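Please keep both in view while reading the points below.

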Amino acid sequence: MSGWNLTGAAPSRSVAAEMGESDSEALSVSQAAELAAGALHGVPKITVLGEVTGFRGPNARSGHCYFQIKDESAALECIVWKGTYDKRAFDLRDGLQVLFTGTFDLYKPTGKMSFKASSFTLAGEGLLRQQVAQLAEKLRREGLMEPERKRRIPVFCTRVAVVTSLSGAVINDVKRTLRRRNPMVEVVCVGAKVQGEGAPAELVEGLRRAAAIAPAPDCILLVRGGGSFEDLMTFNDEDLARAVAACPVPVVTGIGHEPDNSICDMVGDRRCSTPTAAAESVAPEFSELVGALDGREQRLQRVLEGKIAHVGSACDGLGGRLGRAMEVRLERERRSLDAFATRPCLTSPANIVDRREAELAQTVDRFCIACERSQGRFTVELDRMAPRLRSSAAHMDRMGHGLELAASRLRSKGAQLLSAPLAELGRSAAALDALSPLKVLGRGYSIAYDGDGSVATRVDAFHTGDALRLRMVDGDVLATVDAVERAEAPRG
């Protein structure tokens, strides 16, 4: 035993000394544990993919996490120290598929081997579940999962739209369930992919088409059969979840089986465990409806009988109170009428007119006196204002004279400023008139235009029968070309 260890290297001198140079090859437990620990320390850092199981942690005192990672045929003890777990991007829990990077270690007092993870990341389905959880938390913070937002599904739906794949067994199960429970329910099927590339977009379009059906359905069933977590990822799509929440028609989901729960289930108006359960929830059986109607009829009859008896007794009481109230009211009106009869306006109406006439005469006298006083006061004020008005008129005369002087200077200055531009304008007009083609026309020349209205400078622009327009000094002459004669080239 002195010439080997688990790493293939020779044992250290200290171990050889402890073992002694005796003939015995037996090792103590401590020696064997140290030998195994040395071999494990020689294994380099590796990355292990496994499922978390038996997770315990973080420990209340130390903060460390203890659990196992397993696959189909083996399990391995694993430790994540507090410092490593504090840097995590997600919480470990049973069922997650995780990539752990670390080294092996042996706990000598118990001889228990474990894998010490220095870092870990999600992998496979675990990563998908983490992404779905993050999306669900985002939509929850936006309020799309609040119970107050969800709409009430009618107890008895007469028209139901089903959005699912038309090639699977789910649509047949839904139709069969609705026919069995209530044949009067009208079913409208809208086909869409429920799995694979492009499935979320097709389901969004299917919801839009189902909501646009006229007359509008009472609810929409968004259903599909069971499958793996990856198969159901279509119903964890953010665009599809927002379309379910924004759909103008209430949406009932029946996706997968009882344990399955997608984001569409969370934002829908009602979540059912299976497509069959979703169909049953919107179509109560005839026997249930008949029993409910019979019970409501009996309750309605009892309530009406009680209300009629109560209203009858109330009417009797109201009749008695009304009679007594009328007697009291008539007596009060009678006393009021007697009091009115004793008033002066009714016993001697002329007294009121005489009193008002005297008051009006006094008012006229006071008004005349006030007018005379005001007129005297206004006369005094007007006399004081006359000298002020005359002085203001003299000031205005001075200002008018100054204004006339300024206007004269302005006219003189304007004439000086405009003289040079006017002379330049005259010269330019004369030059322009000299260059005008109309002056040339006045000397007996004319301008020929072809059929397109363009000026013709050569005889090649005309052919026999073409329209011709000649521009003279006083108008145009319209003609037709009879012949075209070209001038002979000058001889050199």
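The points that follow are grouped by topic.

This is a predicted model, in which local features need pLDDT of at least 70 and side-chain atom pairs count only at pLDDT 80 or more, while totals for chains, interfaces and linings use all residues. Residues are numbered from 1 along each chain as its sequence is written, and side-chain values use heavy atoms, with hydrogens and water left out.

**Annotated domain**

- The unreviewed UniProt entry carries the annotation "domain: OB-fold nucleic acid binding" for residues 28–118; UniProt positions are given in the numbering used here, feature names are shortened, and annotations may be inferred rather than shown by experiment.
- Over residues 28–118 the chain is 20% helix and 45% strand, where helices (H or I, at least four residues) and strands (E, at least two) are DSSP runs numbered from the N terminus.
- The end C-alpha atoms of residues 28–118 are 32 Å apart.
- Leu99 belongs to strand β4 (residues 97–107) and is partly exposed at 31% relative accessibility; buried means under 20% relative accessible area, exposed over 50%, and partly exposed in between (1.4 Å probe, protein chains only).
- Between Leu99 and Thr121 there are 22 residues of sequence separation and a C-alpha to C-alpha distance of 5.3 Å.

**Open sheet**

- An open sheet is formed by three strands in the order β11-β12-β13, with antiparallel pairing; two strands pair if DSSP finds at least two bridges between them.
- β11 (447–449) and β13 (476–480) are the edge strands, each pairing on one side only.
- On average, neighbouring strands of this sheet are turned by 25 degrees against each other, direction ignored.
- Strand β12 (residues 467–471) pairs with β13 in the antiparallel sense over five bridges, and Asp476 in β13 is the bridge partner of Arg471.

**Helix packing**

- Helix α5 (residues 169–181) and helix α9 (residues 275–282) have axes that come within 9 Å and cross at roughly 30 degrees; axes are lines fitted to C-alpha atoms, for helices over the stretch in contact, and angles run from 0 to 180 degrees between N-to-C directions.
- α5 and α9 are therefore roughly parallel to each other, a description used for angles under 35 degrees, whereas those over 145 count as roughly antiparallel, 65 to 115 as roughly perpendicular and the rest as oblique.
- The α5 and α9 crossing is right-handed, that is, the near helix is turned clockwise from the far one by less than a right angle, with anticlockwise giving left-handed.
- Val174 is located in helix α5 and is buried, at 0% relative accessibility.
- Val174 and Glu372 are separated by 198 residues in sequence and by 104 Å in space, C-alpha to C-alpha.

**Cysteines**

- The count of disulfides is zero, a disulfide being a pair of cysteine sulfur atoms within 2.5 Å.
- Cys157 counts as buried, at 0% relative accessibility.
- Cys368 is in no disulfide, and the nearest cysteine sulfur, that of Cys371, is 6.5 Å away.
- Cys368 is partly exposed, with a relative accessible area of 40%.

**Cis peptide bonds**

- The Gly57 to Pro58 peptide bond is cis, with omega near -5 degrees; Pro58 sits in the loop between β1 (46–56) and β2 (65–70).
- The Ala214 to Pro215 peptide bond is cis, with omega near -5 degrees; Pro215 sits in the loop between α6 (199–211) and β8 (219–224).
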